[in-house]
Amino acid sequence: MDAVVALSVEWSVAFGFTLFGVLCVGLVVAGLPGAWILIAAAVCIDLVDGLWLPAGAPSTFHPLTIVAAGVVAGIGELLEFLLSALGAKKFGASRGGMFGSIIGGFVGAVLGTVLLPLPIVGTLVGALLGTAAGAVIGEMRGGRKFGETTRPALGAVIGRLLGTLAKFPCAIVVLAILAAAAFAR
């Protein structure tokens with residue numbers, strides 16, 4: 001491949017990857033694993049970048065760069081789950097209510113995406129409703145009456161929102177790490 005063409009392909013891939021990364025960061029707001037999708041895209045680019053890179057050239061993303069992005073994304077996930085559970089606990093949830101809020105949030109995000117096919121909004125609404133429903137179900141399974149479950153459910157929803165807000169900057173850092181690597185060639 002001609003050197004000028006190869007360079008233009010490299011820059012096009014880096015630019016396209018960065019634009020895709022912005023979309024992935026937006027997915028995080030919806031409660032979807034946008035940072036992980038972006039990391040998977042980086043791995044896929046590494047698998048096929050021999051098509052446009054000169055023979056013997058290093059991969060677009062160094063393995064340590066991908067590992068660093070994975071660590072940051074993992075921290076974001078941990079923050080999201082911990083804050084969701086801690087929000088429920090702070091408002092008086094039992095272990096069942098905390099566990100239910102986590103499961104409900106995940107199921108709600110998936111169902112919200114399918115049932116309310118509005119970009120980002122459907123997933124976020126589904127995640128919040130699922131978090132509340134999961135906390136209510138978890139608390140009722142533990143013997144609480146429905147009226148006693150509203151406070152823990154509210155705490156779970158607040159925790160989920162705080163968790164998503166904490167995960168968002170982590171996704172931005174993942175994007176910055178990977179976009180910088182894509183353009184650093």
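Predicted model: local features only at pLDDT ≥ 70, side-chain atom pairs only at ≥ 80, totals over all residues.
A residue counts as buried when its relative accessible area is under 20%.

| Residue | Location | Relative accessible area |
|---|---|---|
| Arg160 | helix H6 (residues 150–183) | 7% |
| Asp49 | loop between helix H2 (34–48) and H3 | 5% |

Arg160 has a relative accessible area of 7% and is therefore buried. Leaving aside residues up to four places away in sequence, Arg160 touches Gly31, Glu80, Ser84, Gly105, Phe106, Ala127, Leu128 and Thr131.

Asp49, at 5%, falls under the 20% cut-off too, so Asp49 is buried. Beyond residues up to four places away in sequence, Asp49 touches Ser59 and Thr60. A polar atom of the Asp49 side chain lies 2.7 Å from the backbone nitrogen of Thr60.

The remaining topic is the pair H3 and H4. Two packed helices are described by the angle between their axes and the distance between the axes. Helix H3 covers residues 63–90 and helix H4 covers residues 95–115; their axes come within 9 Å and cross at roughly 135°.

On the H3 side, the contact is made by Phe81, Ser84, Ala85, Ala88 and Lys89, which meet Met98, Ser101 and Ile102 in H4. Of these residues, five are nonpolar, two are polar and one is charged. Ser84 of H3 is also one of the residues touched by Arg160.

Methods
Residues numbered from 1 in each chain as written. Heavy atoms only, no water. Axes fitted to C-alpha atoms, helices over the stretch in contact; angles between N-to-C directions. Helix = DSSP H or I, 4+ residues; strand = E, 2+ residues; numbered from the N terminus. Contact = heavy atoms within 4.5 Å. Nonpolar A, V, L, I, M, F, W, Y, C, P; charged D, E, K, R; others polar. Buried < 20%, exposed > 50% of the residue type's maximum accessible area, 1.4 Å probe, protein only. Polar contact = N/O pair within 3.5 Å; in protein donor to acceptor, adjacent residues only side chain to side chain.
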